[in-house]
Structures are given as C-alpha cells and as structure tokens.
Amino acid sequence: MESNTIAVRRLTSGTIAFLLIAVFVALFFAYERHGAKLHAPRIHVAIRNLPYYAFCSFMRMLVAYGFSLIFALVYGLLAGTSRAYERVLIPAIDIAQSVPVVGFFPAAIYFFVSLAHGSRIGVEMAAVFLIFTSQAWNMALGVYEAVRTLPTDSVEALEVFGASGWLKLRRLLIPACVPKLVYNSILSWVSGWYYIIACEIITAGPAHYQLPGLGSYLMTAADKGRTGEIIAGLLALLAIIILMDAIIWQPLSLWAERFRYEFAASTEPIRSLGMLDALGSIGPTVLRLIQTVSRPIARTVRGAFVSVRPFNPAEHPALRRIARWLRLAAQAAIFFFIAWGLIDGMVALARTLARPWPAEVRQIPLATLASFGRIILAYAISLAWTVPCAIAASESQRFARRLAPIAEIVGSMPATALFPLIVLFVIKLTGGMNLASILLIITGMQWYLLFNLLAGVSQVPADLKEAARSFGLSRAATWRKLTLPAVLPSLITGSITAWGGGWNALILSEYFVYRDKTYQVFGLGALLDDATYRTDNSLMILLTLLSMVLVVIVLNRVVWRRLYDLAADRYRIEY
Amino acid sequence: MALLELRNVSKSFAQATGALRVLENISFTVEQGEFVAVVGPSGCGKSTMLRIINGLMPPTSGQVLYRGRQIDGINLDCAMVFQSFALMPWLTVKANVELGLEARGVAPAEREKRASVYIDKVGLDGFEEAYPRELSGGMKQRVGLARALAVEPQLLLMDEPFSALDALTAITLREELLDIWQSADMPVHNIIIVTHMIEEAVELADRILVLASGPGRLVADLKVDLPRPRDRRKEAFNALTDKVFSLIEERA
C-alpha cells in the first residue's frame with residue numbers, strides 16, 4: 001500500500017508542477033499586451049569599440065552572478081537547514097532546472113520591458129534575468145548539497161558550545177559551501193557566457209532588441225561578413241575567459257581546497273600554474289591590500305560593541321511577539337503575491353488557450369520525436385569521447401592536471417559565438433541543417449558530461465585505486481570494476497545537466513536566421529523559434545514550450561530519477 | 001637467501017614548498033617464516049614503506065630486493081590488507097574476494113572454490129552475496145583479509161589493519177590472524193604488519209622494527225622471544241612494550 005501512496009504522491013506532484021509551470025509561463029505572456037517598441041542603439045562593428053562591448057557583457061555577467069550567488073546562498077541554506085522548506089524548495093528547483101532557459105527569451109523580454117515601460121533598462125534586466133536563470137539553479141543545489149552532507153559531528157561540535165545562529169552560519173555553514181560554490185560558480189560562468197552571446201540580440205516578431213555587448217557585436221559582425229572583426233571578438237572573449245581563469249578561478253579553487261572535508265592526508269602536489277603563477281597572485285594581493293584597510297575598521301566597529309551586553313531574545317517577550325507578527329506578515333505577503341501571480345497567470349493561460357489553435361499544432365508530436373532523436377544522437381557522440389577522456393584522466397594524474405584547465409577554457413568558450421560560422425560551414429558542405437543542428441547540440445552537452453565525469457574520477461578514493469593496483473588488476477579490469485562503477489553517479493548527474501543543455505542548444509540550433517535567410521530543420525525547437533520570430537503567435541509559443549517542458553519532466557522522472565536512485569543505492573562510496 | 005631485503009631505501013615527495021623527505025636510508029632483511037611488525041609514530045613513513053615493498057610506488061633511491069631480485073612494478077607475490085578495508089562497494093563479498101584471483105586469470109570455477117575456502121576461513125560463511133555496506137567494520141576487514149589470502153601470497157602486508165576497528169573487534173581479529181598464520185595449511189608464512197599500537201606489535205610479531213619520524217629512520221630492530229600465546233599482563237610483555245616506547249620517545 002505504501003508504494004501506492006508514494007506513486008500517487010509522485011504523480012500528483014508532477015502534475016502540480018506541470019500546471020504551475022504552465023501558469024507561470026502564461027503569466028509572462030499576460031504581459032504581452034504591454035509589448036513596447038524599443039529603439040535599440042546601433043552596434044558599430046569596429047575593433048576599437050570591442051573593449052567597451054566586452055566590458056558591457058562582462059558587467060551583465062557580473063550582475064547576474066551576484067544575484068545568483070545571493071539567491072544560491074539564501075535558497076540553499078534555507079532548504080538545507082529546514083526540512084519544511086526543503087520539501088517545497090527542492091522540487092521547485094528541479095522543475096526550474098528542467099525548463100529550457102532559452103525558451104523564455106521572448107517571454108522575459110515582454111515581461112521586463114513592460115515592467116520598465118519600454119526603456120532600455122527593461123531589456124538589460126531581461127538579459128540579466130536570463131543569465132541568472134542559467135546560473136542560479138546549480139549553485140543553489142550545490143549549497144543545498146553542501147549543507148546536507150555536513151558531517152553531523154561538526155554540527156554537533158558547534159552546538160555543544162551553544163553557538164548562535166550567526167556563528168554557525170559564519171564558521172560552519174558558509175565555509176562548508178565554499179568548495180561547491182566555487183566549483184558551481186565556474187560552471188555557472190561557463191553557462192552564462194553561452195547564453196549571453198545568444199541573448200544580446202533578440203528578434204521577437206516585429207520587435208528587434210539589441211544590447212551593446214560581445215554577443216551582439218559578434219552576431220552583427222557575422223551578419224555583415226566581417227571575418228576580421230569576428231576573430232577579434234572571439235579573441236577578446238577568449239582573453240577574458242583565460243584571464244578570469246588565471247586571476248580568479250585557479251587561486252579560488254586552491255583556496256577552496258582548505259574547506260574540503262577529507263580524512264586522509266593527500267600526497268598529491270598542489271597544481272602549479274607555471275607561467276600564469278604571477279597572475280594567480282593578483283587576487284590574493286589585492287585582497288591583502290583591501291584587508292589592510294578593512295581589518296582595522298572592522299576591529300574598531302567590533303570593539304564598540306564589545307561593551308554592549310549580548311542580546312538575548314529570550315529576555316524580551318514583547319520583541320519576540322513583534323518578530324513573530326513580522327514573520328507572519330512577511331509570509332502572508334509572499335503567499336498573496338504568489339497567489340495573485342498564479343491567478344493572473346491562470347486567467348492569462350485560459351485566455352490564450354481559448355484562442356483558435358494554429359494549424360502547426362498538429363506537427364508538435366512528430367517534431368518532438370525528431371528533436372528527441374537529434375538529442376539522443378548528440379548525447380551518444382558526446383559520451384563517445386568524454387568517457388575515454390575521463391578514463392585516461394583516472395589513469396594519469398598528469399593528463400588530468402593538464403586536461404582540467406584546458407577543458408575549462410575551451411568549454412567556457414561559448415559555442416553560441418561560433419554558431420554562425422559552424423552553420424555556414426556545414427551548410428556549404430552538406431546543404432542541410434541536420435548535421436549543423438546536431439553539432440551545435442553536442443557543443444551544448446559535452447562539457448557538462450566532461451566536467452562531471454572528471455569530478456567523479458577525481459573523487460575515486462585513493463585506497464580503492466591502491467587496492468586495484470596492489471592486486472594486479474589489468475587496465476581493462478580496473479575500468480570495469482573500479483573506475484566506471486565509481487563514476488556512475490557523476491555520469492548520471494552530468495547526463496541530467498547535459499540533457500538540459502541539450503534542449504537549450506536545440507532551441508538555438510534548429511532555426512537560424514542569417515543574412516535574412518532562414519535555415520531550419522523539422523523539430524520542436526524550430527516550431528518554437530518559428531512561432532517566436534516569424535509568426536509571433538503566443539499560443540504556439542506556449543504550446544511548444546509546454547510540450548518541451550512536459551517531455552523534459554517525463555524524462556526526468558522516468559529515466560534520470562530512477563537511474564540516479566540506482567546509482568546512489570548501489571554505487572555510492574561510503575565508509 | 002632472504003625473502004625481502006631493503007637497501008638504503010629513501011623516499012621523497014615533491015611538494016609545492018619543496019621536496020618532503022619521508023623515508024631516510026631504510027635497510028633491513030626479512031627471512032622466511034618471519035612475522036615482522038613496523039611501529040612508529042604517525043608521519044614516520046611506515047605506510048609509505050609498505051607501499052614501496054608492495055611496488056605501489058618506487059623508492060627515490062635505494063633498492064628493494066625480493067628473493068634477491070629487484071622488484072619492478074607491483075610484486076604479485078605480496079598481498080595487502082588496507083586500514084580502510086578498500087572494498088569495492090558495488091561488488092558482493094564473493095566478488096571482492098575473487099578480485100585478485102580474477103586479475104591473475106584464474107578460471108571462474110577455480111576462483112569460486114578458492115574464494116569459498118577463504119571466506120570460510122575468516123568466518124564469513126553465508127555472507128558471500130552480501131554487499132560491503134551491509135557489513136560491520138570487523139566483517140569488512142575479514143573480507144579484506146580473505147581477499148588477500150585468496151591469492152595465496154608469499155608475503156602478507158598489513159597497513160594498520162585493525163586501527164579502524166573498535167577494540168573488542170580488533171582483539172578478536174588479532175587472535176584469528178595468529179591462528180591463520182600458525183595453521184599449517186595456510187599458504188602465508190610471512191607477514192609484515194604496520195601499526196602504531198605497540199602492544200599489538202608485541203602481541204603478534206617475532207620481530208619489531210622501530211621507526212622514528214621526521215624523516216622516517218630505522219632506529220631499532222628487536223627480537224620478540226616471548227612464547228605464544230602472549231599475555232599482556234605478564235612482566236616480560238610489559239618490559240618489552242616499555243622498551244619499544246622509550247625507543248620511540250627518545251628519538252622523538
């Protein structure tokens with residue numbers, strides 16, 4: 001009987017989730033009626049403007065990342081420390097992750113532009129929001145995982161000393177999140193670059209939005225056929241990525257090692273960056289300079305409060321009551337806000353669905369199948385090269401150490417920047433978009449697989465590796481008995497993320513406008529883009545989007561969740 | 001001919017801050033039929049030395065001679081029992097024990113037979129299809145022991161095998177280890193055990209090698225003449241323990 005109730009609960013939660021998404025999507029479209037025309041600044045394709053455009057894109061990324069970080073910390077800590085919140089917040093993120101970010105481009109534009117009453121701020125907000133959605137979820141999940149997997153010993157050790165909430169936060173919870181936060185931040189930036197290139201130029205029906213930035217620069221240069229400028233733009237992007245890697249990510253990763261919970265002393269020498277070592281010391285030096293100023297200030301401030309008696313909330317029942325009312329008021333406000341949004345969205349949903357359904361709707365099932373086939377093929381090809389890479393990394397430390405930074409940098413280069421070139425090149429070769437589309441989907445999938453596999457490989461316990469070698473296991477036997485089973489959980493996590501990236505790449509790749517010519521293949525993404533760019537039919541957009549979300553959710557529940565449970569059950573490494 | 005000989009073995013690890021010297025000029029011989037214990041404080045390189053003997057890592061300088069010949073790569077005449085058990089979590093007890101045999105290309109039927117014998121010997125008869133996470137710490141180490149014994153090694157290497165177990169389980173397993181070593185039909189005649197517990201070394205071994213730390217050096221090589229079974233409450237036992245302890249202390 002119990003399995004029945006669990007199944008029923010899963011089914012209902014899935015349906016509810018789906019309905020919620022439908023409602024929120026419709027909510028975005030409710031604002032379509034405010035769709036405003038925007039006079040976009042012209043993009044001047046000249047290399048001397050490049051630094052400015054690069055700076056614009058970078059700032060957008062930074063702002064979005066800032067929001068993602070705050071969101072991740074608040075959301076992850078809430079979900080990780082409170083069972084009640086966990087039950088709501090984690091399924092919500094699961095769903096959010098399943099929704100292809102790219103599908104929301106037009107909706108987000110409508111929403112934010114109308115919110116800002118047609119000014120450019122609205123478009124900027126939309127772009128920042130889109131990058132945020134590509135960054136925030138995995139960071140929040142990282143924080144959540146870090147908090148949930150804290151050894152209970154450590155938590156108890158702090159509680160025994162009567163540590164207050166703030167102290168626990170500062171000394172235990174936040175430090176515990178650091179490794180996962182750093183790791184996921186790197187991934188988030190990679191993701192961000194991918195989407196920012198695509199979202200700086202949006203054509204939604206008759207409206208055409210452009211933001212000054214690297215993405216629009218590259219697209220405009222491609223449109224005009226200025227290869228020199230394209231290469232300059234790509235080089236600028238590459239330079240930013242490499243510099244960020246050397247100045248920020250590498251030193252940060254080394255520093256984050258300190259926060260790792262490990263029980264065996266590591267004999268592996270710490271990665272040396274070679275000639276980029278000098279760059280790596282920029283971050284710590286700047287930090288030290290800042291600290292020489294900030295530390296004395298902090299000390300004086302703290303000194304001023306030392307004489308004040310520590311505040312004990314238990315002694316002030318009146319304040320407690322006020323705090324409780326405030327909390328209730330805040331919860332009520334949030335509840336009403338969400339309820340209003342839901343109702344508004346449901347009304348908009350009903351209204352949109354009541355319109356006459358366009359003829360293209362009949363194509364949706366077959367289109368879904370075609371797109372699905374493309375993703376499976378792309379997935380298989382991605383696996384075909386990432387798994388051997390991971391196995392090679394597990395065998396040779398040197399290979400792993402050389403591979404990681406290269407993969408980070410190459411993987412950070414957004415394929416979206418190269419889309420126009422790839423599409424044209426392949427079309428000249430084969431005359432059709434199918435191959436180009438599959439190639440583009442692969443670019444959106446393979447890095448997630450590779451990074452997760454590499455992470456899994458690096459976490460294979462040293463003593464198991466020693467045991468395998470000590471007993472004389474051959475290379476093939478080591479792969480079969482040790483490496484592959486050990487990385488199975490990472491492979492599955494990576495696959496889940498890769499398929500998410502795959503759907504996004506699908507939307508971007510099945511329909512392509514270049515120099516006023518439209519290239520497309522038969523598929524769900526093409527239907528969506530066609531509805532967005534050509535016919536501006538919001539009902540069609542809604543239906544294709546919902547079909548895609550439905551497929552993703554079904555796949556998640558039926559395939560990935562089961563596989564993950566299996567992996568967590570049999571293949572988990574624990575002591 | 002000595003079974004095992006170490007000549008001026010030294011080991012350094014390359015670190016970001018410079019080379020870390022872990023072992024310094026270790027030289028000793030192990031004859032056939034000896035039960036040797038290596039004791040020392042943590043950080044004296046005893047586990048590293050064990051891995052060098054097994055062939056898991058090469059010495060930075062010096063030689064390791066097994067039966068008079070320098071070892072090259074893993075010495076398949078040895079088998080190691082690990083402190084953390086090192087069992088594959090996704091393999092059953094039987095599959096774990098058969099691991100070494102499978103690596104040596106033994107046929108499935110023969111593998112199964114031998115594995116059963118040793119699973120029985122360590123007292124886990126009936127647990128062949130269990131997974132490691134269903135077993136207690138003591139049982140897991142028994143699996144580790146069975147796995148090592150199954151390949152019928154000439155030299156059994158044990159890296160702090162009982163340190164991760166509670167005291168009561170450790171007592172039981174020590175007794176079982178001695179039984180196995182002393183029984184005639186067991187193939188293993190040589191054991192090198194690394195431990196930080198001096199009483200354990202005195203209880204089990206014929207010979208105690210004392211290592212000091214910073215970097216690891218051999219400071220003493222004591223013979224243990226006490227008759228088995230050894231009683232911790234006896235005067236001679238405690239005298240020897242004190243002696244070893246003072247040897248470690250004075251070099252600390």
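**Figure 1. Contacts of Met61(A) in the predicted model.** Once neighbours within four places in sequence are set aside, Met61(A) is in contact with Ile131(A), Trp189(A), Gly192(A) and Ile196(A). The model shown here and in the other views is predicted. Met61(A) sits in helix α2 of chain A, which covers residues 50-81. Is Met61(A) buried or exposed? Met61(A) counts as buried because 24 C-beta neighbours lie inside 10 Å, and a residue needs 20 or more for that label. Between Met61(A) and Gly432(A) there are 34 Å in space, C-alpha to C-alpha, and the two are 371 residues apart in sequence.

**Figure 2. The two domains of chain A.** Chain A is divided into domain 1, residues 48-259, and domain 2, residues 364-575. Taken over C-alpha atoms, the centres of domain 1 and domain 2 of chain A are separated by 20 Å. The contact involves 29 residues from domain 1 and 30 residues from domain 2 of chain A. On the domain 1 side, the elements that give two or more residues are α3 (83-98), α7 (165-199), β1 (201-204), α8 (214-224) and α9 (227-257) of chain A. Which of them gives the most? It is α7(A), with eight residues. By class, the side of domain 1 that touches domain 2 in chain A has 22 nonpolar, five polar and two charged residues.

**Figure 3. Helices α13 and α16 of chain A.** Two packed helices are described by the angle between their axes and the distance between the axes. Helix α13 of chain A spans residues 364-395, and helix α16 of chain A spans residues 434-458. Their axes come within 8 Å and cross at roughly 35°. The crossing of α13(A) and α16(A) is right-handed. Sorted by class, the contact of α13(A) with α16(A) has 19 nonpolar, five polar and one charged residues.

**Figure 4. Helix α17 of chain A and what covers it.** Helix α17 of chain A runs over residues 462-470, and its buried residues are Leu464(A), Ala467(A), Ala468(A), Arg469(A) and Ser470(A). The cover over the buried residues of α17(A) includes α18 (475-509) of chain A, along with α1 (46-54) and β6 of chain B. After α17(A) comes Gly472(A), whose phi is positive, near 75°.

**Figure 5. Where chain B touches chain A.** In this view, 23 residues of chain B are in contact with 24 residues of chain A. On the chain B side, β1 (4-15) and α3 (99-103) are the elements that give two or more residues. The largest share of that side, four residues, comes from α3(B). The residues on the chain B side divide into 16 nonpolar, four polar and three charged.

**Figure 6. The six-stranded sheet of chain B.** Strands of a sheet pair through backbone hydrogen bonds, either parallel or antiparallel. This open sheet of chain B has the strand order β6-β7-β8-β3-β9-β10, with mixed pairing. Which strands are at the edges? They are β6 (78-81) and β10 (217-223) of chain B, each of which pairs on one side only. Neighbouring strands of the sheet are turned by 20° against each other on average, direction ignored. Strand β9 of chain B, residues 207-212, pairs with β10(B) in the antiparallel sense over six bridges. Within β10(B), Lys223(B) is the residue opposite Arg207(B). Helix α5 of chain B, residues 137-150, lies across β6 and β7 (155-159) of chain B and runs at about 175° to β6(B).

Notes. Residues numbered from 1 in each chain as written. Chains lettered and ligands numbered in written order. Predicted model: local features only at pLDDT ≥ 70, side-chain atom pairs only at ≥ 80, totals over all residues. Buried ≥ 20, exposed ≤ 12 C-beta atoms within 10 Å, placed from the backbone. Contact = placed C-beta atoms within 7 Å. Nonpolar A, V, L, I, M, F, W, Y, C, P; charged D, E, K, R; others polar. Pairing = 2+ DSSP bridges. Axes fitted to C-alpha atoms, helices over the stretch in contact; angles between N-to-C directions. Domains from an automatic or database assignment. Left-handed = near helix turned anticlockwise from the far one by under 90°.
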